[in-house]
Amino acid sequence: MFDNPAFAGHESVHHFHDPDSGLRAIIAIHSTARGPAGGGCRMWNYGTSLEMVTDALRLAQGMSFKNAMADLPLGGGKAVIWGDSRKDKTPKMFRALGRAIDTLGGRYWTAEDVGVSPSDMKEVATQTRFVAGLDDGAAASGDPSPVTARGVYLGMREAAKRGFGSDDMTGRTIAVQGVGHVGGRVCQMLAEAGANLVIADVDQEALAEISRTTGAKVVEPGDIYDVQADIFSPNALGAIVNPETVDRLKVKLIAGGANNQLSSPDMGETLNQRGILYVPDYVINGGGIINVAAEISGNYDPAWVETKVQGLVATIGEVLDQAESEGRPPNRVADEIAARRLRESA
Ligand code: NAD
């Protein structure tokens, strides 16, 4: 554990095994300095248990940073379950996970992530109260993606003030990759603000719907990187800014909701050299966790959510201004601010 390159001073790492349901899970708690560790539960068919623990460590630290940048009273943690979510999942397994989470006494709160749905979380909730992202219940926050999308849209406009000298979206061209829960809503807001959209997705139905309602032009998924546009908004996959795509981008600004957009942090330097302003993904997509945090607080208050989203937008401005004045990539500056916020809360 302590030799793992992804180990970053994590407070604790727990492994759980339930022979009855076949559950094999790891819960990594990176930090509880700002509050209970918050972060979703991922189910993934890892090749080895080393891959599994490395992913848990990396994701947990990522949640500490995301929660700190969203100024939430939450630390960072993550649960990972080893298995194929399409074949191996059972309600029993998620009840076993719920019991495992309960043994941590509230140091870790879970919610959905890749491979895990609200109905799985319902099973978890039969065994522990340390679970969010539920569809019903006293403080249920439901689908977080509308809040994520609002944060992405407002964050994009904040960045446009720096990139273009104005946040007016009228007549701007935005290339949007992925028009699902987040990307589709970002498209709607941009269209209402008078922007021209070029969209790509692998889901033909989603494409047709967004194109019909916003007048967006559709391109093939592989062609979205070549679109001549003002802004690229990735809202589908990770690692889409990589050595193969970075020289194809013909935009001034990247602002989207997808997680882990850079294939490696040094892509930030490459974007800087190419004069492309990058809004760090884990800052601009913090709306979803803000929504979840409102549920964890036990009293879902839309006004509190909006205040936190506005705070997130201000933080984006801060990150971009500091990056500009120091001539450094915004992702490096964001990591530094997040680490400082964590140290100050310790
Ligand atoms: P979603 O599944 O609803 O939408 C993703 C869309 O991307 C789908 O329409 C899918 O068909 C499309 N897609 C898949 N492969 C593609 C490809 N090769 N090219 C173009 N499009 C492709 O997911 P979502 O909830 O909208 O989340 C989108 C991204 O934002 C993910 O990276 C997610 O981790 C991240 N994110 C989401 C939230 C949230 O609140 N939903 C919060 C934070 C981060």
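Which residues does the domain assignment of the chain give to domain 1, and which to domain 2? Domain 1 takes in 12–63 + 74–131, while domain 2 takes in 146–286 + 314–342, the bounds coming from an automatic or database domain assignment. The C-alpha centres of domain 1 and domain 2 lie 29 Å apart.

The model is a predicted one, in which local features need pLDDT of at least 70 and side-chain atom pairs count only at pLDDT 80 or more, whereas totals for chains, interfaces and linings use all residues. Residues are numbered from 1 along each chain as its sequence is written, and side-chain values use heavy atoms, with hydrogens and water left out.

We can begin with the sheet. Strands of a sheet pair through backbone hydrogen bonds, either parallel or antiparallel. Here six strands form an open sheet with parallel pairing, in the order β9-β8-β7-β10-β11-β12; strands (E, at least two residues) and helices (H or I, at least four) are DSSP runs numbered from the N terminus, and two strands pair if DSSP finds at least two bridges between them. Because β9 (217–218) and β12 (277–278) stand at the edges with a single partner strand each, one side of each is left without a neighbour in the sheet. Strand β8 (residues 196–200) pairs with β9 in the parallel sense over two bridges, and Ile199 has Val218 in β9 as its bridge partner. Helix α6 (residues 204–214) lies across β8 and β9, running at about 175° to β8.

Next come two pairs of helices. Two packed helices are described by the angle between their axes and the distance between the axes; axes are lines fitted to C-alpha atoms, for helices over the stretch in contact, and angles run from 0 to 180 degrees between N-to-C directions.

The axes of α1 (residues 49–69) and α11 (residues 330–345) come within 9 Å and cross at roughly 85°, which makes α1 roughly perpendicular to α11 (65 to 115 degrees). In their contact (heavy atoms within 4.5 Å), the residues of α1 are Ser64, Phe65, Ala68 and Met69, and those they meet in α11 include Ala334, Asp335 and Arg341.

The axes of α9 (residues 287–296) and α10 (residues 302–326), by contrast, come within 10 Å and cross at roughly 150°, and α9 and α10 are therefore roughly antiparallel to each other (over 145 degrees). Among the residues that meet here are Gly287 and Ile290 in α9 and Trp304 and Lys308 in α10.

Definitions and conventions: Angles under 35 degrees count as roughly parallel, over 145 as roughly antiparallel, 65 to 115 as roughly perpendicular and the rest as oblique.
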